[in-house]
Amino acid sequence: MPDSPEEFYGVILAAGAGKRMGGLTSDRPKALLDIGGKPLVSYTIGFLRNVGATHLLALGGFCCDKLQSAVSAIDPDIETICCDAFGPGGATLGNFHTLYQAREKIRGSMMVIVGDHIFRCDIADKIRRALGAHIAAVTDQDRVLGPDDMKVKTTADGRWLLCISKTLTEFERGYVGIIWCPERALGDYWSAGEEAIRRFGNAADVVHPLEILAERGVSVEIVDMSGSWWGEIDTPEDLDRVRKEVGERPNDYDYDA
């Protein structure tokens with residue numbers, strides 16, 4: 001792959017209401033859950049900085065004012081954009097809608113990261129070295145995937161994405177919540193996203209354009225981060241596991257070290 005870009009946008013998706021967390025997120029987004037004495041979003045910011053992002057955007061929705069205050073306290077140079085996270089009748093919108101609302105702010109290569117994930121520091125270095133000229137999905141292949149996990153089918157050599165969906169029955173990998181899009185491919189990604197809205201309506205997700213691009217013959221590369229621990233927080237039990245992990249291995253999450 002070519003050398004990593006010198007500048008790119010790191011975009012944090014943090015608009016959802018986190019309903020499966022119950023009362024823990026009744027008055028705050030998941031990005032503000034406490035992990036080791038810091039809000040989850042602080043780890044996401046540190047991770048993106050370590051990958052190399054030079055311009056950060058936090059995309060909020062539910063309780064966006066609280067997200068905005070927390071992000072500003074961490075770094076006043078990060079812009080928080082309050083997006084419409086709910087459609088007609090209060091239906092929750094898929095996260096592509098959130099990203100699409102902020103597209104005018106993204107004027108170069110971007111890395112999109114789901115705001116309820118947490119990654120060890122070593123993953124940042126691994127991903128930084130893998131950034132290249134193609135749109136890419138970050139994946140792994142060393143965990144058991146359940147019904148709610150996003151599954152990825154690749155070409156026979158494992159280099160390129162063919163399909164991505166939670167409902168795949170044949171797959172080789174799991175998606176881990178990070179997408180890379182170089183500046184030259186932004187137009188392709190937004191165009192595929194508009195098609196995703198037509199196909200999936202309110203449920204359009206940031207991964208849907210990847211499959212549409214593959215259908216169109218556009219190369220979507222596979223980045224592998226197998227072998228490194230990461231966590232996703234969807235339930236109170238997930239939160240307990242992540243807190244335990246960070247508590248036992250704090251140095252692995254110290255992005256300022």
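Guide: **One residue and its surroundings**

Asp238 is buried, with a relative accessible area of 13%, where buried means under 20%, exposed over 50% and partly exposed in between, for a 1.4 Å probe and protein chains only. This is a predicted model, in which local features need pLDDT of at least 70 and side-chain atom pairs count only at pLDDT 80 or more, while totals for chains, interfaces and linings use all residues. Residues are numbered from 1 along each chain as its sequence is written, and side-chain values use heavy atoms, with hydrogens and water left out.

Asp238 is found in helix 7, helices being DSSP runs of H or I with at least four residues and strands runs of E with at least two, numbered from the N terminus. Although Asp238 and Met21 are 217 residues apart along the chain, their C-alpha atoms are separated by 9.3 Å.

Asp238 also belongs to the lining of the second largest pocket, where it is named together with Arg143, Trp230, Gly231 and Glu232 among the residues that lie nearest the centre. A pocket here is an open set of points on a 1 Å grid over the protein atoms alone, where a 1.4 Å probe fits, with protein on both sides within 12 Å along at least five of seven lines, and lining residues have an atom within 4 Å of a point. By class, four of the lining residues are nonpolar, three are polar and 10 are charged; Asp, Glu, Lys and Arg count as charged, Ala, Val, Leu, Ile, Met, Phe, Trp, Tyr, Cys and Pro as nonpolar, and the others, Gly among them, as polar. The second largest pocket holds about 370 Å³ of space, a volume being the space filled by probe spheres set on the points.

For the largest pocket, the volume is about 1000 Å³. Its lining numbers 36 residues, and those nearest the centre are Asn95, Val114, Asp116, Asp205 and Asp234. The classes in this lining are 14 nonpolar, 11 polar and 11 charged residues. Strand 1 (9–14), helix 3 (95–101) and strand 11 (173–181) each contribute at least two residues, and strand 11 gives the most, with three.

Strand 9 and strand 11 run antiparallel and are joined by two bridges, and two strands are taken to pair if DSSP finds at least two bridges between them. Within that pairing, Val152 stands opposite Arg173 in strand 11. Strand 9 (residues 151–154) also pairs with strand 10 (residues 161–165), in the antiparallel sense and over four bridges, and the bridge partner of Thr154 in strand 10 is Leu161. The hairpin of strand 9 and strand 10 has six residues between the strands, and in it Gly158 takes a positive phi near 80°.

A parallel pairing is found elsewhere, where strand 8 (residues 135–140) meets strand 12 over five bridges. Ala137 has Ile222 as its bridge partner in strand 12. Strand 12 (residues 220–224) is mostly covered, since four of its five residues are buried.

The cysteines complete the tour. A disulfide, counted as a pair of cysteine sulfur atoms within 2.5 Å, joins Cys64 to Cys82 with an S to S distance of 2.1 Å. The bond links distant parts of the chain, 18 residues apart, with Cys64 in helix 2 (residues 64–74) and Cys82 in strand 5 (residues 79–82). The torsion about the S-S bond of Cys64 and Cys82 is about -90°, so the disulfide is left-handed. Cys64 is buried at a relative accessible area of 5%, whereas Cys82, at 45%, counts as partly exposed. Cys181 is in no disulfide, and the nearest cysteine sulfur, that of Cys83, lies 18 Å away; at 0% relative accessibility, Cys181 counts as buried.

The C-alpha atoms fill a box of roughly 45 × 45 × 35 Å along the principal axes.
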